[in-house]
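This report describes selected strand pairings, side-chain contacts and surface features of one protein model. The structure is shown first.

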Amino acid sequence: AESWKGYLLRNKSIVVDLFQGQLRSSLTCGECGYKRVKFDPFMYLSVPIPTSKSRNTSFTLDECVKEFSKEEELTGDAQWYCSKCKKHVDATKKFDIWKVPPVFIIQIKRFTYTKSGRPMKMSSKVLFKTEKWNVKKHVKSPQREMPIYDLFAISNHHGGFGSGHYTAYAKGRDRDHVDNGYISWHHFNDSQFEHVDDPSDIQTSDAYVLFYNKMTNVRKNGDIKYSRQSISLPHLWP
């Protein structure tokens, strides 16, 4: 809370209110056990795809988020300087999701490098929930609201490393059913767009950035309401 308060004093904006959450980073010395903990804001979560020997393996988004929070060993050239030991030591590093924002943006890390330094794109399919995605098991602190999200947009990347084409899926009111408020998925490709007849079609191996909205912000009539934060109203903080 103190870290978030200090951040708001310097960076308060509607962008912070809507899109930013908080991470806890921990570094632990492998020799003396000294642990350094910091809290930092994040705009979006960049999650890795778990490694697999099979190129055709599919993963779930929950598995990718779990991979993001996996403990990492810092050895060799990556050793950490421990302020207690006064030297570089083997250590462990870990990120935990501490607070989640109203609009939760997830980037799937599809672009990486092989051990030989060759750039590559990972085309593994990542399966994600489109409704009622509960991230409570991934968040390591109590939340003021249930962290349950619905997907409302996807940015897709087609092609290889350093090139390609972007398209998008977005959820909105169907122009043919405006009167009854019918909500459906649409596909956007440059100046063209089309209705998506089968919602399962949005689950592709090209999904790159996922946009989720916390369902506690949605009122019964379908409208979305967001709270503005201020230093004097800590009950509105994430």
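## Basis and conventions

Helices (H or I, at least four residues) and strands (E, at least two) are DSSP runs, numbered from the N terminus. Tyrosine 44, for example, lies in the loop between strand S2 (35-42) and strand S3 (45-48).

The model is predicted, and local features need pLDDT of at least 70, side-chain atom pairs count only at pLDDT 80 or more, while totals for chains, interfaces and linings use all residues. Residues are numbered from 1 along each chain as its sequence is written, and side-chain values use heavy atoms, with hydrogens and water left out.

Two strands are taken to pair if DSSP finds at least two bridges between them. S14 and S15 run antiparallel and are joined by six bridges, with histidine 158 opposite histidine 165 in S15. These two strands form a hairpin with six residues between them, and glycine 159 in its turn has a positive phi of about 115 degrees.

Strand S15 (residues 165-173) is also antiparallel to strand S16 (residues 183-189), again through six bridges. Here glycine 172 stands opposite serine 184, and alanine 170 has histidine 186 as its bridge partner. S16 in turn pairs with strand S17 (residues 192-195) in the antiparallel sense over four bridges, where histidine 187 faces glutamate 194. The S16-S17 hairpin has two residues between its strands; aspartate 190 in the turn shows a positive phi of about 55 degrees.

## Aromatic pairs

Rings of Phe, Tyr and Trp (its six-membered ring) pair if their centres lie within 6.5 Å; planes under 30 degrees apart count as stacked, over 60 as edge-to-face and the rest as tilted. The whole structure contains 14 aromatic pairs. One of them, phenylalanine 104 with tryptophan 133, is stacked, at 6.2 Å centre to centre and 15 degrees between the planes. This pair links distant parts of the chain, 29 residues apart: phenylalanine 104 is in strand S9 (residues 103-109) and tryptophan 133 in strand S13 (residues 133-134). Both residues are buried, where buried means under 20% relative accessible area, exposed over 50%, and partly exposed in between (1.4 Å probe, protein chains only).

Phenylalanine 152 and phenylalanine 211 form a tilted pair, at 6.2 Å centre to centre and 50 degrees between the planes. They connect strand S14 (residues 148-158) with strand S18 (residues 207-214), 59 residues apart. Phenylalanine 152 is partly exposed at 31% relative accessible area, as is phenylalanine 211 at 23%. Phe104 and Trp133 also belong to one aromatic cluster together with Phe42, Tyr149 and Tyr212.

## Nonpolar core and surface patch

A nonpolar core is a set of buried Ala, Val, Leu, Ile, Met, Phe, Trp, Tyr and Cys residues joined through side-chain atoms within 4.5 Å. The largest core has 31 residues, and those with the most contacts inside it include Phe104, Ile106 and Tyr212. S3, helix H3 (61-68), S9, S14 and S18 are the elements that give two or more residues to this core. H3 gives the most, with four residues.

On the surface, Ile14, Val15, Met43 and Tyr44 form a nonpolar patch with about 350 Å² of accessible area together. Patches are made of residues with over 30% relative accessible area and no salt bridge, like charges being joined within 9 Å and nonpolar side chains (Val, Leu, Ile, Met, Phe, Trp, Tyr) within 5 Å. Accessible areas come from the Shrake-Rupley method with a 1.4 Å probe; for residues, only the protein chains shown count as cover. Tyrosine 44 is partly exposed, at 45% relative accessible area.

## Salt bridges

A salt bridge is a side-chain nitrogen of Lys or Arg within 4 Å of a carboxyl oxygen of Asp or Glu. By this rule there are ten. Aspartate 17 and arginine 228 meet at 2.2 Å, N to O. Aspartate 17 lies in helix H2 (residues 14-19) and arginine 228 in the segment after S18, so the pair ties together parts that are 211 residues apart in sequence. Aspartate 17 is buried at 2%, whereas arginine 228 is partly exposed at 43%.

Aspartate 96 and arginine 24 form another salt bridge (2.9 Å, N to O). It links strand S8 (residues 91-99), which holds aspartate 96, to strand S1 (residues 21-29), which holds arginine 24, across 72 residues. Aspartate 96 is buried, at 4% relative accessible area, and arginine 24 is partly exposed, at 23%.
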